[in-house]
Amino acid sequence: MVLPFDDAYFMKKALQEAEAAFDKGEVPIGAVIVINDRIIARAHNLTEQLNDVTAHAEMQAITAAANFLGGKYLLNCTIYVTLEPCQMCAGALYWSQISKVVYAAKDPNRGCGVMGTKLHPKTEIIGGILDNEASEILKRFFIEKRNLN
C-alpha cells in the first residue's frame, strides 16, 4: 500500500521548488518543511537574486518554518531537500533541532556527510529519495550554464 504522504510525495514538492529556482537562474535546489503531513514552508535557492551566499533553500525554509511555528525549534518537523545539505545548512539544521532530514541527491564534494558535519543527535537523516530526478535537474542546469558561456 502506498501512503499518500510519503517521502517521495514531499520530495516531489521540493523538486517543484528546485524547478522554480532553475527558472530564475538559481542553482536548482528546493526544500519543503513538513509537520504532521502538512507543508509549513517551501523554499528554493535565492543566492543570485538576493546576492547572498547564505540564501540556500534550506536556510530560507528554516526561517519560514520558524516564523510559521512562532519559535526557533523545528521539533517534529521534517525537511525534504533535493541536494544533501552543505556544512552551513547542516549547522543551521542542527541548531533548529529538526527531527528528520530527507535529501534526494548526495553531494560528494560539499555535502555534510563528506565534510564530517554533525546533525543534532536526535535528528534522523535519510538520503537517496528521488535521487535521479534531483540529479537530472542539476545536470541540466550546469549543462545550460556551460553552453551559455
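**Core, helix and rings**

Mentor: Leaving aside residues up to four places away in sequence, Ile33 touches Arg38, Ile39, Ile40, Ala41, Ala61, Ile62, Ala65, Leu74, Cys77, Thr78 and Ile79, where contact means heavy atoms within 4.5 Å. This is a predicted model, in which local features need pLDDT of at least 70 and side-chain atom pairs count only at pLDDT 80 or more, while totals for chains, interfaces and linings use all residues. Residues are numbered from 1 along each chain as its sequence is written, and side-chain values use heavy atoms, with hydrogens and water left out.

Trainee: Which residues touch the most other members of the largest nonpolar core?

Mentor: A nonpolar core is a set of buried Ala, Val, Leu, Ile, Met, Phe, Trp, Tyr and Cys residues joined through side-chain atoms within 4.5 Å, and buried means under 20% relative accessible area, whereas exposed means over 50% and partly exposed lies in between (1.4 Å probe, protein chains only). In soluble globular proteins, nonpolar side chains tend to be buried together. The largest core here has 36 residues, and those that touch the most other members are Ile33, Ile79 and Tyr80.

Trainee: Which elements give two or more residues to this core?

Mentor: Elements are DSSP runs numbered from the N terminus, with helices (H or I) of at least four residues and strands (E) of at least two. The elements that give two or more residues are α1 (7–23), β1, β2, α3, β3, α4, β4 and α6 (131–148).

Trainee: Why do the buried residues of α4 count as being on the same side?

Mentor: In α4, which spans residues 87–96, the buried residues are Cys89, Ala90, Leu93 and Ser96. They lie on the same side of α4 because they cover an arc of only 120 degrees around the axis, the arc being that of the directions from the helix axis to the C-beta atoms. These buried residues pack against α3, β3 (77–83), β4 (100–105) and α5 (112–115).

Trainee: Is Thr47 buried or exposed?

Mentor: Thr47 is found in helix α2, and it touches Glu26, Asp52, Val53, Ala55 and His56, not counting residues up to four places away in sequence. Because its relative accessibility is 18%, Thr47 counts as buried.

Trainee: Where is Asn36, and is this residue buried or exposed?

Mentor: Asn36 has a positive phi of about 50 degrees although it is not a glycine. Its place is in the loop between β1 (30–35) and β2 (38–44). With a relative accessibility of 70%, Asn36 counts as exposed.

Trainee: How are the rings of Phe141 and Phe142 arranged?

Mentor: Rings of Phe, Tyr and Trp (its six-membered ring) pair if their centres lie within 6.5 Å, and planes under 30 degrees apart count as stacked, over 60 as edge-to-face and the rest as tilted. By this rule the count comes to 7 aromatic pairs, and one of them joins Phe5 and Tyr9, at 5.0 Å centre to centre with 80 degrees between the planes, which is edge-to-face. The rings of Phe141 and Phe142 have centres 5.1 Å apart and planes at 85 degrees, so this pair is edge-to-face.

Trainee: Which residues form one aromatic cluster?

Mentor: Phe5 is partly exposed at 38% relative accessibility, and Tyr9 is partly exposed at 29%. The residues that form one aromatic cluster are Phe5, Tyr9, Phe10 and Tyr80.
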